[in-house]
Protein chains: 2
Amino acid sequence: MTAGIRHDEMRKRNRTMVISAVRQAGRASRTEITRSTGLSHSTISAIAADLIDEGIMRELRDEETAPARRGRPQVALSLSPDAGCIVVLVLIFNRLTASLVDYCGNKKREKTIRLQTLEMSRQELCEAAISAVREIAGGEGPILHISFGVQGLTDSAGREMLWSPITVHRNVAFAEALESAFGVPVSINNDCNLIALALRWRKPDRYRDNFVAILLSHGIGMGLMVDGRMFTGKDSSGGELGHMTYMPGGALCRCGRLGCVEAYAGNYAIWRKATGQSPMAKPVTDMRAAEMERLTAEAREEDGPARQAFREAGEAIGYAIGNLFALIDPAPIAMIGQGTAAFDILEPSIRHALAQTLGGQNAQVISFETEPEETPLIAEGSAMLALAELDRKHFGAGAALPA
Amino acid sequence: MTAGIRHDEMRKRNRTMVISAVRQAGRASRTEITRSTGLSHSTISAIAADLIDEGIMRELRDEETAPARRGRPQVALSLSPDAGCIVVLVLIFNRLTASLVDYCGNKKREKTIRLQTLEMSRQELCEAAISAVREIAGGEGPILHISFGVQGLTDSAGREMLWSPITVHRNVAFAEALESAFGVPVSINNDCNLIALALRWRKPDRYRDNFVAILLSHGIGMGLMVDGRMFTGKDSSGGELGHMTYMPGGALCRCGRLGCVEAYAGNYAIWRKATGQSPMAKPVTDMRAAEMERLTAEAREEDGPARQAFREAGEAIGYAIGNLFALIDPAPIAMIGQGTAAFDILEPSIRHALAQTLGGQNAQVISFETEPEETPLIAEGSAMLALAELDRKHFGAGAALPA
DNA sequence: ACCGATTTTTTCGAGCCTCGAAAAAAATAA
DNA sequence: TTATTTTTTTCGAGGCTCGAAAAAATCGGT
């Protein structure tokens, strides 16, 4: 069973509650925090005083957006941007982006470098990450966390990249390499899971406790929120929607198996089909966006092989979502990435396939939203995850500030 | 965000911790509880004294299984069987079982009645449940909870049976009917989820935080434990593995759709295929066990249509499990129900199909166990769920005992 | 300009809860 | 009978949250 609650833990948790209430609201008065946490005025007052003393929060007395009501005005509290910094890394095919983010979540600097991920050794990959951090963090105050988002499967403990399409190497231990280089906690996460976290942050009304983020790109990825928790596997980041089997014994997938959803709906699969190649033709490792745009235009124009390819892609995606919705219940869906440029062509066949499934019982009420840019979402999700971790572990515990 | 922790909640939670530590161990000394909860000796001593005062726990001084060690012997604590009773109902096709279970989880009485569920009205179903409870609980002390397990989809709040193969009616509000009849909290749950809970209880070494229970019967059901929590949908009991699509546009399923796993692996589907009928033939609503036994024997004997039918069933199940394991990570599997009688015939094709999927990456290490009897498991799971609920809500809160 | 009304925030004492240390209890070993 | 060992209880200390009351800060109206 779970462990009992000790006395000191109560304070820690309530501190964390206060911090995350303020983070969520951006700025909040003590009274508002009282409401959102359910704790008493006195408790909030005491905790807030501590947090301000420790430099974690601060009062925003000056910037008056006074609503000019009757009594004593509320004083807004916000997190101190300079309570600490985090570095966010995003590694995708041939590109590594590093950014420096303050404790409030503001991006202070960003830098992207191009590299040839497929040709790099395990060590070169780690070194690239290390030097990116060194460069972006140069001279800046204390870095408290490094949060790494990668395309591909990660382990559930957030230590390694188990498998990724961007490299031939397996089990690349980024976290260890970065931790021993900087002596700071590092976590590594799957891109789609981070996208989901970012969506939850950006649009909590729509994406709250139950929703699906699907990345349409060279491959097909998914981030899933179930009952307010990121859905991951026991060992890995899990949620490999793209590698569910759509057609047993069907088309050849990048992963080497047959009939995966991705082997019909990934960019390479659409291109393979549209250009009249065999479904068993070896998947290409990368494609330029321009080529997909050309195919999309072609599919919009006439009902030829290109449109047929997108139609098949939509069917595969629709069945995959339907199967997912047989396990959980239907939930809002966000379509992310370059592939959303063709979503108008995909949607009818997605909905058609979805309607054939149990999960599509109410196919018409399932709503899609699209967002073409995935990289900013990955970075945002990565930042919010790291900051939430700081809120809990670092500042929630009542650590004295270094400064 | 979640609410803060108030002071009184701490005690409640720790009381609950103590109760469930004792429930899990069956009997435990204060010292053992100290270890398993992580709380201090003094706290456990105080809480135990309260619980004994309130009649929830008791000391087992007499029954000495003294290990004859040196110092003061530990005194075992156990739950008081007579702290309260619960009634467990299990409703499956044409059969309703009611049992009376004491606070320790011992079954005191049980009664099964046969009925014609398909022909009964909504009200008749509710009345049958009510009179079953009345009969089994007659004269007995205070009933504190009624826990209802049903074949079919339930809502996630545990109030209604949303859909079930045993009746044509939808949204049968059993919980409300029983609550207004007895004035006691009622919860209603899906059979497969309860099976999973029972397995966790019976074999915590194998079935702990991540495992799958698959019911092979007229239809195909699943109970799923992920990360130590029952996996359910947002609105429904979810986890409808049997209605994931195995073959788009394929065989006709009982649910009216095409190509569901169940339309290949349910008893009716195996029988339909083995007897040479069209995959579009209307599924029969029930089959006698003897008929399935005959088919099984036939399939074991020769490689004819019967064996072919089981082979196809295995493929469908294998792909379904593979798709599930693409979302979570591979986990131990329990095969439950009458269909396990043919598991030796099914297993090779299950493993074959599984090996074609991402989730089957390590197909050989995935282990199956079988258990032919589902009804006792449903009842046990139902009882344990209700008792855990009592531990938390009723006795955890520090309620004074009626007696 | 001043006083009362109103709302927010802080202060203060009370009541719980958990903890560690020490004492008490209950058995065995010598 | 006495020392040893282990479990359980007791007791005082320290923390935490809470409610009530006080203090602070602003607005409305005269």
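Predicted model: local features only at pLDDT ≥ 70, side-chain atom pairs only at ≥ 80, totals over all residues.
Residues are numbered from 1 along each chain as its sequence is written, while chains are lettered from A and ligands numbered from 1 in the order in which they are written.

**Stop 1: the two copies**

Show chains A and B together.

Now select the interface. Here 42 residues of chain A are in contact with 42 residues of chain B, where contact means that the C-beta atoms of two residues, placed from the backbone, lie within 7 Å. On the side of chain A that touches chain B, the elements giving two or more residues are α1 (7-25), α2 (30-37) and α10 (305-327) of chain A. Helices (H or I, at least four residues) and strands (E, at least two) are DSSP runs, numbered from the N terminus. The largest share of this side, seven residues, comes from α1(A). By class this side has 17 nonpolar, 18 polar and seven charged residues. Ala, Val, Leu, Ile, Met, Phe, Trp, Tyr, Cys and Pro count as nonpolar, Asp, Glu, Lys and Arg as charged, and the others, Gly among them, as polar.

**Stop 2: the DNA strands**

Select DNA strand C and the 32 residues around it; G71(A), R72(A), S40(B), S42(B) and R72(B) come nearest. A residue is near a strand if its C-beta atom, placed from the backbone, lies within 6 Å of it. Elements giving two or more residues to this surface are α2 and α3 (41-53) of chain A, together with α1 and α3 of chain B. The surface near DNA strand C has eight nonpolar, 15 polar and nine charged residues.

Move on to DNA strand D. Of the 32 residues around DNA strand D, the nearest are S40(A), S42(A), R72(A), G71(B) and R72(B). For this surface, the elements that give two or more residues are α1 and α3 of chain A, with α2 (30-37) and α3 of chain B.

**Stop 3: a helix pair in chain B**

Select residues 7-25 and 41-53 of chain B, which are helices α1 and α3. They pack at an angle of about 80 degrees, with their axes 10 Å apart. That makes α1(B) roughly perpendicular to α3(B), a label for angles of 65 to 115 degrees. Axes are lines fitted to C-alpha atoms, for helices over the stretch in contact, and angles run from 0 to 180 degrees between N-to-C directions.

From α1(B), N14(B), R15(B), V18(B) and I19(B) meet T43(B), I44(B), I47(B), A48(B) and L51(B) of α3(B). The residues of this contact are six nonpolar, two polar and one charged.

**Stop 4**

In α2(A), select the buried residues I33(A), T34(A), S36(A) and T37(A). Buried means 20 or more other C-beta atoms within 10 Å of a residue's own, exposed 12 or fewer, and partly exposed in between, with C-beta atoms placed from the backbone. These residues pack against α1, β1 (28-29) and α3 of chain A. Just after α2(A), G38(A) has a positive phi of about 80 degrees.

Next select residues 267-274 of chain A, helix α8. Eight of its eight residues are buried, so α8(A) is largely enclosed by the rest of the structure. The cover over them includes α7 (262-265), α9 (289-301) and α10 of chain A. G276(A) follows α8(A), and its phi is positive, near 75 degrees.

**Stop 4: single residues**

I345(A) lies in helix α11 (residues 343-355) of chain A. Beyond neighbours within four places in sequence, I345(A) is in contact with T296(A), A299(A), R300(A), R307(A) and F310(A).

End at N94(A), in the loop between β4 (85-92) and β5 (95-102) of chain A. N94(A) is not a glycine, yet its phi is positive, about 65 degrees.

Terms used:
Parallel < 35°, antiparallel > 145°, perpendicular 65-115°, else oblique.
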